Amino acid sequence: MIYFSSDYIKGCHPRIWQAMEKSLPEARPGYGEDPICREAAAMICAEIKAPEAAVHFLIGGTQTNLLAVMAFLRPHEGALCAASGHIHVHESGAIEGTGHKVLPLPSKDGKITAEQIDGVMRAHRDDPTREHTVKPGMIYLSNTTELGTVYRKAELEAISQVARSWGLPIYMDGARLASALAAPEQDLQLADLPRLLDAFSIGGTKNGLLFGEALVLVNKAAQKDFRYIQKQRGAMLAKGWLLGVQYRELFSGGLYQEIGRWENELAQKIATGLTEAGCRFALPAESNQLFVILTKAQIAALEKDFVFEVQATMRDCFSDKLAENEEVVRFCTSFATSGEDVEKLLSAVRSRP
């Protein structure tokens with residue numbers, strides 16, 4: 001079987017594995033207080049041109065998101081996000097488990113706008129019963145979004161301006177940030193993020209690491225006592241240097257950017273080939289996640305040789321685009337996807353119209 005189901009299906013990039021193997025014999029301090037973690041954090045700060053940022057290495061995406069939310073919100077506050085946002089749909093109520101509410105906003109493409117945020121805040125301010133409701137206390141964005149779409153610099157600048165006017169911190173879930181930064185016609189760079197955001201993650205699990213996420217806290221208030229929150233939530237890995245080793249290698253020699261470009265290059269080849277084969281897309285093909293409309297017969301035929309996701313829960317979102325015999329499927333490329341994998345998929349689609 002050839003896998004296009006996600007970008008974390010295979011172990012890790014060979015360079016990451018080699019770096020981990022090389023690091024094993026030596027004893028080191030625990031809980032991320034080792035020289036390798038400090039070096040990796042310094043490399044990230046240099047890359048984003050924010051020497052005062054605090055970088056914390058964590059294990060998984062859900063863990064990273066809930067810790068970021070806890071660092072910013074007071075007990076009566078919630079997090080604004082797109083209705084398709086990961087914290088709202090696919091984290092089993094992790095945010096609510098911290099005592100905070102997720103406040104979803106309608107979105108057809110996985111993104112929210114500055115105008116939406118401003119409207120919500122005005123409505124809350126003007127509500128005479130507002131003290132009986134959850135107060136919006138921060139903004140959660142994903143880049144790429146859960147629907148494979150991408151924020152550009154102008155969109156983030158507009159959101160940042162509105163957020164500052166309302167005193168709302170912004171956190172970006174960057175589980176697939178490398179792919180977002182490598183998107184066609186993308187004008188956003190890593191070094192732009194500290195100016196536009198209060199915190200963001202640089203995903204590793206979905207970008208060639210065996211496991212790991214880097215949480216970058218730009219906001220000074222969020223930096224205060226963060227390690228207490230981290231420890232309280234069981235998110236302080238004793239062998240923390242295993243995370244540092246991986247991120248040090250990821251930010252050596254441009255590997256982080258290289259993986260993002262590779263994923264997107266192959267995704268664009270798939271998008272071009274599927275378009276030429278007459279397939280339609282439910283959403284723009286901007287990243288390593290492609291949301292394609294296929295007939296149920298095509299899906300059944302492809303499932304014999306390929307693993308991918310059928311987005312049954314998204315059917316209502318795209319009901320105006322789908323015929324009775326059609327579904328939306330997701331093809332996702334990764335660091336381990338090969339050109340041969342792509343050609344086999346396209347050949348299969350062409351031979352099974």
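The model is predicted. It holds 19 salt bridges, and a search of the whole structure finds one cavity of 30 Å³ or more. Val292, in strand 10, has a relative accessible area of 0%.

**Salt bridge between Arg164 and Asp198**

- The side chains of Arg164 and Asp198 form a salt bridge with an N to O distance of 3.0 Å.
- This pair links distant parts of the chain, the two residues being 34 residues apart.
- Arg164 belongs to helix 7 (residues 153-166), while Asp198 sits in the loop between helix 9 (193-196) and strand 7 (199-203).
- Arg164 is partly exposed, at 39% relative accessible area.
- Asp198 is buried, because its relative accessible area of 10% falls under the 20% cut-off.

**Salt-bridge network**

- Lys153, Glu157, Asp192 and Arg195 are joined in a network of salt bridges.
- Within this network, Asp192 pairs with Arg195, and their closest N and O atoms are 4.0 Å apart.
- That distance counts as a salt bridge because the criterion is a side-chain nitrogen of Lys or Arg within 4 Å of a carboxyl oxygen of Asp or Glu.
- Asp192 is buried, with a relative accessible area of 13%.
- Arg195 is partly exposed, at 47% relative accessibility.

**Salt bridge between Arg125 and Asp126**

- Arg125 and Asp126 form a salt bridge, with 3.0 Å between the closest N and O atoms.
- Arg125 has a relative accessibility of 41%, so it counts as partly exposed.

- Val292 lies in strand 10, which spans residues 289-295.
- Val292 is buried, since a relative accessible area of 0% is under 20%.
- Leaving aside neighbours within four places in sequence, Val292 is in contact with Leu274, Cys279, Arg280, Phe281, Glu327, Val328, Val329 and Phe331.
- Of these contacts, Phe331 is 39 residues from Val292 in sequence, and their C-alpha atoms are 7.7 Å apart.

**Cavity**

- The largest cavity has a volume of about 40 Å³.
- Its lining consists of Ala82, Gly85, Gly110, Tyr140, Leu141, Ser142, Thr145, Glu146 and Tyr151.
- Strand 5 (residues 135-142) supplies the largest share of this lining, three residues.
- By residue type, the lining of the largest cavity divides into four nonpolar, four polar and one charged.

Key:
Residues are numbered from 1 along each chain as its sequence is written. This is a predicted model: local features need pLDDT of at least 70, side-chain atom pairs count only at pLDDT 80 or more; totals for chains, interfaces and linings use all residues. Side-chain values use heavy atoms; hydrogens and water are left out. Buried means under 20% relative accessible area, exposed over 50%, partly exposed in between (1.4 Å probe, protein chains only). Helices (H or I, at least four residues) and strands (E, at least two) are DSSP runs, numbered from the N terminus. Contact means heavy atoms within 4.5 Å. On a 1 Å grid over the protein atoms alone, a cavity is a set of points where a 1.4 Å probe fits but cannot get out, and a pocket is an open set with protein on both sides within 12 Å along at least five of seven lines; lining residues have an atom within 4 Å of a point. Grid points are joined across faces, edges and corners, and a volume is the space filled by probe spheres set on the points. Ala, Val, Leu, Ile, Met, Phe, Trp, Tyr, Cys and Pro count as nonpolar, Asp, Glu, Lys and Arg as charged, and the others, Gly among them, as polar.
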